[in-house]
Amino acid sequence: MIGRLTVDTTDPVPPYEQIRRQLADLIRHGVLTPGTRLPPLRQLASDLGLAAGTVARAYRELESAALVTSRRGGGTRVAEAPASSTPAERDELLAISAAGYVAAARRLGADDDTLLAAVRRAARAEPG
Amino acid sequence: MVTPLLDPTDAVGRTARRVLAGRVGGLVLGLAAGATLASGPSSWLGLGLALAAPAFASCLLAGVLVGELLAVGPRPAVRTAALEVRRVRSYLPPVMTRVVAGALVALDVGLVLAVLAGSADDQGRPGRALTLSCGDVSAWVSPWPGLFYALPIAVVVHAALALAAVALRRLVRRPRPGSHPDDRGADDRVRAASARAVTAAVGVLVAAPLAGTTLIASGRLLSLAGQPCAPVWLPVTGWASAAVAAVATVLTGVFVATLVVPRGGRR
C-alpha cells in the first residue's frame, strides 16, 4: 500500500510543517521502512500544488531529526535506523493529530458530539 | 471553509481529454508544418524536404507538452499526494525506446561521417558535394548530405530532443488528477500514452532524416563506385547506406502509424 500525504492549505499550520509531521509519523510508526525512497522534491511539490522550497524545508527538517538521509543523485530515503517512538512520543503525536482534527472540525462548525461521532465512524472503518 | 475534493472520475477524464487534445493539436499543426516545408521552393535545394519530418515531430512534441501543461485542473484546498517515486522509464515503451535510441546514434554517426566526407559544390556551398580524386582527375556528385544539410538537421533534431526531454519530465511530474487511490492506474495509462507519443515522435524526428540522408548518400556513393579508381569500400558503404535507408524508412512508417493510430495508452 502506498502512503499518502494530505495538506490543508486553509490550516493555520504551515504546509511544510504538515508534511514534516505526517512523514515523521509514517517513519516512526514503521509505515515507511528504512531505505524507502521519498518522492522527489519537485514531484511532491507539484502533486501538492506547493513551492518546491516548501517540500525542501520539510525534508531538511526531517534530515536534521535523522529520520531521512539525502544524497545527491540518490534522492531522499528513510534513515536506516530511525529513532523508534516511545509510548510517550506516540501519545504526544496522537495529541497533536487530535488537536489538528478538532481545529479542522471546529472550522466546519462541528460540535463535540458530531466530531466524536466522525472519529468513531473512522475508527470502525479502519479497526486497529 | 474546506473546498470539497474534486470528483476523481471527472478529474482523470478531464486530464485524459486535455492531454489528448494537446496531442491531436500538435499532430494537426505538425502535418501542416511538414507539408509546408516539404513543398518549399526549389531554391531551398531540398532543405525544406529534409526538415519536414523533424518539424512535424517538433510540433507534435510541443502538442504533448502543452497537453500535459493544461492537464492540471483547479486545485482544492485539501490536497493529497501518494508517497511514490514516478520515473520516466516507468512510462516509456521499452522496445520502441531502444530502437529510437539506436536510430539516433545511427543518425548522429551518419551525419558526422557525411560532414567529414563532403566537399563544397560548384557554387561553393560547403559539404553539398562528394568528390572522388583519382590522381589529377576528380569526379564529384551532388547533392551530398554534408554540412549544408547536416547542420540544420542536427540543430533541429537536437533542439526537438530537448523539447522531448521537457515533455517527458512534465508528464512524470504533473500532479495526479483526483484523490482516489484507484485512479492511479487510469492516470498511469494516460501518462504512458503520452510517453509513447513522445517516443514515436522522436522516432519520426530521427528515423526520417536518417532515411533521407542514407538514401541520398547511397545513391551518390554507388554512382561514384563506377569510377576506375574507386576504392573497394565505396560500393560496400553505398549498399550499407541503402540498407540503413530501407530500415529507417520502415521505422518511420511504424512511428507515424503509432502516432496516427493511438492504442489508447496500452504499451
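First, the conventions. Residues are numbered from 1 along each chain as its sequence is written, and chains are lettered from A, with ligands numbered from 1, in the order in which they are written. Because the model is predicted, local features need pLDDT of at least 70 and side-chain atom pairs count only at pLDDT 80 or more, while totals for chains, interfaces and linings use all residues.

I start with chain B as a whole. Chain B has seven helices and three strands. By helix I mean a DSSP run of H or I of at least four residues, and by strand a run of E of at least two, numbered from the N terminus. The order from the N terminus is α-α-β-α-α-β-β-α-α-α. The C-alpha trace of chain B spans about 90 × 35 × 25 Å along its principal axes.

Of the 267 residues in chain B, 43% are buried. Buried here is 20 or more other C-beta atoms within 10 Å of the residue's own, exposed is 12 or fewer, and partly exposed is in between, with C-beta atoms placed from the backbone. Taking contacts in chain B between residues at least 6 apart in sequence, 77% join residues at least 24 apart. A contact needs the two C-beta atoms, placed from the backbone, to lie within 7 Å.

Next, the record. An unreviewed UniProt entry lists transmembrane regions in chain B, among them residues 95-117 and 239-261. Positions are in the numbering used here, feature names are shortened, and such annotations may be inferred rather than shown by experiment. In the model, residues 95-117 of chain B are 100% helix and 0% strand, with end C-alpha atoms 33 Å apart. For residues 239-261 of chain B the figures are 96% helix and 0% strand, again with 33 Å between the end C-alpha atoms.

Now one helix pair. How do H2(B) and H6(B) pack? Helix H2, residues 47-70, and helix H6, residues 183-224, both of chain B, pack at about 170 degrees with axes 8 Å apart. Axes are lines fitted to C-alpha atoms, for helices over the stretch in contact, and angles run from 0 to 180 degrees between N-to-C directions. H2(B) and H6(B) are therefore roughly antiparallel, the word for angles over 145 degrees; under 35 is roughly parallel, 65 to 115 roughly perpendicular, and the rest oblique. Residues in the contact include Ala53(B), Phe56(B) and Leu60(B) from H2(B), and Val198(B), Val202(B) and Leu205(B) from H6(B). By class, this contact of H2(B) with H6(B) has 16 nonpolar, two polar and one charged residues. Nonpolar covers Ala, Val, Leu, Ile, Met, Phe, Trp, Tyr, Cys and Pro; charged covers Asp, Glu, Lys and Arg; the others, Gly among them, are polar.

Ala200(B) is also in H6 of chain B. Is Ala200(B) buried or exposed? Ala200(B) has 24 C-beta neighbours inside 10 Å, so it counts as buried. Beyond four places in sequence, Ala200(B) is in contact with Met96(B), Phe255(B), Thr258(B) and Leu259(B).

Last, the two chains together. Their contact takes 16 residues from chain B and 21 residues from chain A. On the chain B side, strand E1, residues 78-82, gives the most, with five residues. That side divides into eight nonpolar, one polar and seven charged residues.
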